[in-house]
Each structure stands twice: as structure tokens, then as C-alpha cells.
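Let's take a walk through this model together, stopping at a helix, a few loops and a set of paired strands. Keep the structure open beside you as you read.

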Amino acid sequence: MSTLLLRHARCVATLDAQRRELTDASVFIRDHRIEAIGPASELSAEADEVLDVSGCLVTPGLVNTHHHMYQSLTRAIPAVQDAELFSWLRGLYPIWAGLTPEMVRVSTQVAMAELLLSGCTTSSDHLYIYPNGVRLDDSIEAAQQIGMRFVATRGSMSVGQSQGGLPPDAVVEREDAILRDTQRLIETWHDAGHGAMVQVAVAPCSPFSVSRDLMRESALLARAHGVRLHTHLAENDHDIAYSREKFGCTPAEYAEQLGWVGHDVWHAHCVKLDAAGIGLFARTRTGVAHCPCSNMRLASGIAPVRRMLDAGVPVGLGVDGSASNDGAHMLGEARQALLLARVGRALEPFGCDAGPAEMTARDALALATRGGAEVLGRSDIGHLAVGQCADLAVFDLRSLDFAGGAVHDPVGALLLCASAKARHTVVHGRVVVRDGQLTTLDLPPLLERHNRLALQLAISALGQR
């Protein structure tokens, strides 16, 4: 077994049950787990590898609960820069119809590189479009190569425009084929054990792109195999209107009717979740992936995160797709969640007395770590303690980003100062970012290949019009 010691951190923010913040502390890792954590003077200085993290803040690895990694190929597309969700999707579906397996593999690794460099160690991804031989296996194999802990969700679309759905018929699949492939993926890749590096979840795309039958059958399939369920829900006003027109109910009522609530379910966005929906999610422990940057980019609104948390809804953070954010910086997402919660409450009717304390820096960091782990159903990540997976992020408090802030409060500065990149990122006991550089892949040629494919994808779509 290999050992790794992170020595003499200025502060270790454990995010454990007591929210301990340890000064001049070290973390000792054996193989893939944390074996000891505490004062540097009390931990052995011997290990196969020693990282001097003096002057640094160590946190649990950040957890991203919602992403569409293939969208890194279509960032900042001019035609949809100023569009809301439905028109944004209509503008991009024809481009995404040109995706290839190579494009999915490369875009997955680019998105994961960005996440790892921001201190994120675990990410889900929602791949729901499968043209030209694309398989979810392409994403999983890419994740294994780069070294990120991965929850791969088998998304799907089955209701095209001819049946009243939003996507073009050319990008939807047969429902029997969707269910067969989903079962194959679970049986091939899903690991339910402690420290699992790959898990699979079942993820029909949204109420406006799949049928009620597929939603029901997907829930039955997931529960028969003990895996989680994921979809988009209540993202904006058009989403609400579609549910009321097509189904005669709110999105939360729709989810309840089809078996899509429970501790094994998490929904992305929930910007328009009403009081009844919040109560339902709290009672059933249904999770929410909060995506503040994407919600602002698409003018969807401000999710009622504080109300959800106060009610007992599990909430984590998601960067969402790279074409609606248009970045994948998890620490930046946490900072944005903090700021948006404060300004969102200020916009409510008079009588609100929450003020800037609506969300604290430590609240935001908890969403990005413990909260995300709970939403993904993982008790082995999200905080630092003996026996937990060795997933950690290290931030250099002596850098320009923290000047004048970390001297007062290193944890507060992490969220309130400029969003920094990680100095080191450790996943499953392996240093995958060292001194700000990715160790598992050669990034410059990957980016060159990615940008070439991005142009190819866009030019091909133009040629089809």
C-alpha cells in the first residue's frame, strides 16, 4: 500500500459533523483512505510521498452534482448567447446531432480537467443525446483515464417534436432501446462499494423530452438495480407552463405521480419549486442540484435554496452544461451560490430580515462538499475524517487571490475572495493536480484537439442547414 502525507496545512476545513477547522494540521493517507488527521506535531512525517502544504487551506474535494460535459464543444455559440432555455435548446440540438464518440471522449476530459483544477474530485454528468454511435461508455472511459471520481448518468430523450416534445425527432431514441442500454451500463460499470470510482444513474432528460411511461419504467429499473435517479425539473417558467399544459399539474406533482421522489432521486435546477414542492422534497429526502451560474445565464431565475435547506431538502451544487455556464469552476460556482442567495432574498417583498446572512461562506462550502455528497448518495466523500475516501483540495493562501483576506479567515476568504484554482487536487489518494498542473493527461494537445473538434462540429451543423 502507498502512503501520502499532506503536512503542516495552515488550516484543514474538515466539513465533518462538528465542522472542525484545524490549524497547523496534517492529513495522512494510506492507499485510498484517510488514516489520520490532526495536529502536525502528532502525525508521523514519514510517507512514500510528502506534500508540504504550509500556508495552504485543505478542504474536502468538491462535488459537482450536475453537468453536461459534451457542451464544452459549444461554448459561447453566438446564435444562442442571449436565449432562454427552450430557444437555447432549439438552437443547439441540431449542432449536438453531429456529436461523435471522439468528441464525447475529448469534451469529457476537457470538462473534467477544468473541474479538477478547481478542486473538484467527484462529478456527475448527464449525457442524454446519443447520435453517430456515441455511448455513455465513451464518457466513463475518459473519466478513468483522467482520474476523476464519476457518476455517469444515462440520459435519454424519447419524445420528439412530432409527438409534442421539444427536441427534433432526429435526436430521440426508442424507449425499449433506452431501457436495454441503461440496464447494460448498470451491469457493466456500476460499483456500489465504498470508494467507488464509477457509478451509473438513470436519467431521462426532462418532462418535455420523454414520456410518462419512460419515466415510470426508468424508476422501476433503477430501483431494481439499486441505483439513483436524476432528471431536470422546474427549471424556468416555460418548464412550469409545459407541465401544466401537458400533464395538468406542477413539475413536483408530476415527479411524485411517477415515482420520482425519494432519497435515491435528485433533480437539477428546481428554480421554480413552489412551497408544496419544497415540502414534498423535504419529506421524501429528494435531492436538488443547484446550478446558480446556468440559471442566471439563461435568465431562469433564482432557486429558493435557503427555503429548501431550512425545510430539510438535500441540496448540492452543479456547474451545469458548459454551454450554459459557460465554465466548470466548482469553487466559482460555490461563490456564486453564496452571492445569489443574498441578492435573491433582497429582491423579495418587504419584510425580509435575512440580509447578508442568508448564506454564509461556510454554508456555500458545505453545499459544494457535504451537500453534493448527500445528493449523490455518497457517505464516503464530502468531508474529511478517518476512513473517508482520500479526496482533497489544497488552496495556496499566499497567492494573490487571497491577499489581505486569508490572514483574517482562510475559510471565509476561499469563498469571498477571487475564485482560485487548486494548488493540489487528490482523488482516491492519487495526486491528479500538482502545483496547479494536471498530472494524468497532457493538457495542451488535448485542448488543441478539443478546439479542432468544436469547430468541426459547428461547421458541420451549418452545412446541414
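Helices here are DSSP runs of H or I with at least four residues, strands are runs of E with at least two, and both are numbered from the N terminus. Before going further, please note that this is a predicted model, in which local features need pLDDT of at least 70 and side-chain atom pairs count only at pLDDT 80 or more, while totals for chains, interfaces and linings use all residues. Residues are numbered from 1 along each chain as its sequence is written, and side-chain values use heavy atoms, with hydrogens and water left out.

Helix α2 itself covers residues 101-117. From its first C-alpha to its last, this 17-residue helix reaches 24 Å, close to the 24 Å expected at 1.5 Å a residue; the expected span is 1.5 Å times one less than the number of residues. How much of α2 is covered? Mostly covered is the answer, as 13 of its 17 residues are buried. Buried means under 20% relative accessible area, exposed means over 50%, and partly exposed lies in between, using a 1.4 Å probe and protein chains only.

Strand β1 spans residues 3-13 and β2 spans residues 21-30. Of the 11 residues of β1, 8 are buried, so the strand is largely enclosed by the rest of the structure. Two strands count as paired if DSSP finds at least two bridges between them. β1 and β2 pair in the antiparallel sense over 8 bridges, and Thr-3 has Arg-30 as its bridge partner in β2. With strand β4 (residues 49-52), β1 runs parallel, joined by 4 bridges; here Arg-7 is partnered with Asp-52. Strand β5 (residues 56-60) also pairs with β1 in the parallel sense, over 2 bridges, and Leu-57 of β5 is the bridge partner of Cys-11.

The loop between β1 and β2 holds Arg-20. Is this residue buried or partly exposed? At 34% relative accessibility, Arg-20 counts as partly exposed. Leaving aside neighbours within four places in sequence, Arg-20 is in contact (heavy atoms within 4.5 Å) with Val-12, Ala-13, Thr-14, Leu-15 and Ile-37.

Another loop worth a visit runs between α7 (251-257) and β11 (265-269), where Asp-264 lies. Asp-264 is buried, with a relative accessible area of 12%. Not counting residues up to four places away in sequence, Asp-264 touches Arg-223, Arg-228 and Leu-229.

Finally, let's look at some backbone details in loops. Ala-299, in the loop between α9 (292-297) and α10 (305-311), has a phi near 55°, a positive value in a residue other than glycine. Ala-299 is exposed, with a relative accessible area of 67%. Asp-435 has a positive phi too, near 50°, and sits in the loop between β16 (430-434) and β17 (437-438). Asp-435 is partly exposed, at 48% relative accessible area. Where is there a cis peptide bond? Look at the bond from Asn-325 to Asp-326, with omega near 0°. Asp-326 belongs to the loop between β13 (315-317) and α11 (330-346).
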